[in-house]
Amino acid sequence: MTVLKLSLMAFSFVFWVAGLTMLIIGLWARVSLGSYLVLSANDYPSAPTILLATGAAVIIWGFLGCFSAATEHQGLLRTYSAFLTAVLVAGLVAGLLGLLYRQDIAQGFQEGLREALHAYGEDERKADALDALQRALACCGVESYRDWLASPWAVEQNGSVPLSCCRARHGCQQRLPHTHGLHPDGCFSKVSAFVSSNMFYVATAALGLALLQLIGIVLACLLAARIPAHPLGITSPR
């Protein structure tokens, strides 16, 4: 009983730390990547939102795991085991969906980039996000700087591209077909490569974290099975 209690409490502490880590990463992603996420045309919940919600839930239930093990409360242990099972299923689903729908996520960014490019000058929020993306990834347009030729904003500006397409302010030819000083690559190829490479690691981590829950489920079930059904403090007659 003592070994099971200490093992479950140690697991719950690790589980709690994992939840705190997810919460911190979610906050960082919300602040750092929030402006870029408006460029996606997908209706999926954003990754920062999922991390924040999951991290908060794991922190709360991590405390419950430690409390249920310390008090040897059979009902709480079974509830904790059920929550870990839910996390296991959710992690497996999230990991598999991340692996299967990597291309859909990238495709959503391609559509969103085209929409932002054609609405440039009308939707200031998307315009700011597109400018920030072009500067951060050193890119211009969706596939190349030529995408700006069909943009209503570029037509109004006599075939110019935004300043964010320039590698440097000095000596940049913003008016097409002059391309001196412009970023030669389009943004979609760089976003797609980033999403494809990083989504694999995120999905793998989700699958690994889900399988880790098996340890907690086994420990919680074993401890709950060894605790007598009668109220605490009352010993059964021998």
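# Bridges, disulfides and cores

Glu-115 is partly exposed, with a relative accessible area of 42%. "Partly exposed" sits between buried (under 20% relative accessible area) and exposed (over 50%), using a 1.4 Å probe and protein chains only. This is a predicted model, in which local features need pLDDT of at least 70, side-chain atom pairs count only at pLDDT 80 or more, and totals for chains, interfaces and linings use all residues. Residues are numbered from 1 along each chain as its sequence is written, and side-chain values use heavy atoms, with hydrogens and water left out.

**Salt bridges**

- The structure has 2 salt bridges. The term means a side-chain nitrogen of Lys or Arg within 4 Å of a carboxyl oxygen of Asp or Glu.
- Glu-115 pairs with Lys-126 in a salt bridge, and their closest N and O atoms are 3.8 Å apart. Glu-115 belongs to helix α4 and Lys-126 to helix α5, so the pair ties together parts that are 11 residues apart in sequence. Helices are DSSP runs (H or I, at least four residues), numbered from the N terminus.
- Lys-126 is partly exposed, at 21% relative accessible area.
- Arg-114 and Glu-143 form a salt bridge through their side chains, at 3.7 Å from N to O. Arg-114 is in helix α4 and Glu-143 in the loop between α5 and α6, so this pair ties together parts that are 29 residues apart in sequence.
- Both partners are partly exposed: Arg-114 has 35% relative accessibility, and Glu-143 has 41%.

**Disulfides**

- The count is 2 disulfides, each a pair of cysteine sulfur atoms within 2.5 Å.
- Cys-139 is joined to Cys-187, with 2.0 Å from S to S. This pair links distant parts of the chain, 48 residues apart: Cys-139 is in the loop between α5 and α6, and Cys-187 is in helix α7 (residues 187-226).
- The torsion about that S-S bond of Cys-139 and Cys-187 is about 90 degrees, so the disulfide is right-handed. Cys-139 and Cys-187 are both buried.
- Cys-140 and Cys-165 make a disulfide too, with sulfur atoms 2.1 Å apart. This pair also links distant parts of the chain: Cys-140 is in the loop between α5 and α6, Cys-165 in the loop between α6 and α7, 25 residues apart.
- Its S-S torsion, for Cys-140 and Cys-165, is about 80 degrees, so this disulfide is right-handed. Cys-140 is buried at 0% relative accessibility, and Cys-165 is buried with a relative accessible area of 0%.

**Nonpolar cores**

- The largest nonpolar core holds 27 residues, and Leu-39, Leu-113, Leu-130 and Trp-148 have the most contacts inside it. At least two of its residues come from each of α4 (102-118), α5, α6 and α7. The largest share, 6 residues, is from α4.
- A second, separate core has 19 residues, including Met-22, Leu-84, Ile-217 and Leu-223.
- Such a core is a set of buried Ala, Val, Leu, Ile, Met, Phe, Trp, Tyr and Cys residues joined through side-chain atoms within 4.5 Å.
- Leu-130 touches Leu-39, Leu-113, Ala-116, Leu-117, Tyr-120 and Trp-148, leaving aside residues up to four places away in sequence. Contact means heavy atoms within 4.5 Å.

**A buried serine**

- Ser-151 lies in the loop between α5 (124-137) and α6 (152-156). Ser-151 is buried, at 0% relative accessibility.
- Ser-151 touches Leu-117 and His-118, not counting residues up to four places away in sequence.
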